[in-house]
Amino acid sequence: MEDHLPADLVTEYKDAFRMLDRGNHGAISIRDIATVLLSINIQLSEEELRTAVKHATDDNDVIAYDDFLAVMATVVTDCVSDEEVKLIFNQFDKDGDGFISPNELRELLSQLGDNVTDQDLEDMMLVADQDGDGRVSLTEFIQVMTSQ
Ligand SMILES: [Ca+2]
Ligand SMILES: [Ca+2]
């Protein structure tokens, strides 16, 4: 499953999962997934969420890490329209110049409670910044969010 998602997203989801799995038993609930989605500004009805989860796992109430990745891949790649990706993009692009700079990326991730190291940031930029100009355009961002 991890192969189908961009590496930076996998890292992010792994951290999110670890954070949510408070009891450390390798599983989270549907409500936990809703929390993660909300943090990236994706609001799904409970029914939409249940449908996405049903696609990913047989057991609706216990979501293991792999199921979680599958759900996130489904939701982020299938349920998110370009318009919604644009909204998320605008959240990152604080100064509104149409590009996400490494600083803007760092700022937003730290707001989400992620402890981002320079190395993490460099890795993410490497994945996202496909033309190598040191910033992420909307097109590049859409590719990251929707690539399988
Ligand atoms: Ca910007
Ligand atoms: Ca770029």
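1. Residues are numbered from 1 along each chain as its sequence is written, and chains are lettered from A and ligands numbered from 1 in the order in which they are written. Because the model is predicted, local features need pLDDT of at least 70 and side-chain atom pairs count only at pLDDT 80 or more, while totals for chains, interfaces and linings use all residues.

2. Start with helix H2 (residues 30-39) and helix H3 (residues 46-56), whose axes come within 11 Å and cross at roughly 110 degrees. They are therefore roughly perpendicular (65 to 115 degrees). Ile-30, Ile-33 and Ala-34 of H2 meet Leu-49, Arg-50 and Val-53 of H3; contact means C-beta atoms, placed from the backbone, within 7 Å. Of these residues, 5 are nonpolar, none polar and 1 charged.

3. Next, look at helix H6 (residues 102-111) and helix H7 (residues 118-128): their axes come within 10 Å and cross at roughly 120 degrees. That makes H6 oblique to H7. Pro-102, Leu-105 and Arg-106 of H6 touch Leu-121, Met-124 and Met-125 of H7.

4. Now the inside. The largest nonpolar core has 22 residues, and Tyr-13, Ile-33, Phe-68, Leu-69, Val-71 and Met-72 touch the most other members. Such a core joins buried Ala, Val, Leu, Ile, Met, Phe, Trp, Tyr and Cys residues through C-beta atoms within 7 Å; buried means 20 or more other C-beta atoms within 10 Å. Helix H4 (65-79) gives the most, with 7 residues.

5. Another core, of 8 residues, lies apart from it and includes Phe-89, Ile-100, Leu-105 and Val-136.

Key. Axes are lines fitted to C-alpha atoms, for helices over the stretch in contact, and angles run from 0 to 180 degrees between N-to-C directions. Helices (H or I, at least four residues) and strands (E, at least two) are DSSP runs, numbered from the N terminus. Angles under 35 degrees count as roughly parallel, over 145 as roughly antiparallel, 65 to 115 as roughly perpendicular and the rest as oblique. Two residues are in contact if their C-beta atoms, placed from the backbone, lie within 7 Å. Ala, Val, Leu, Ile, Met, Phe, Trp, Tyr, Cys and Pro count as nonpolar, Asp, Glu, Lys and Arg as charged, and the others, Gly among them, as polar. A residue is buried if 20 or more other C-beta atoms lie within 10 Å of its own, exposed if 12 or fewer, and partly exposed in between; C-beta atoms are placed from the backbone.
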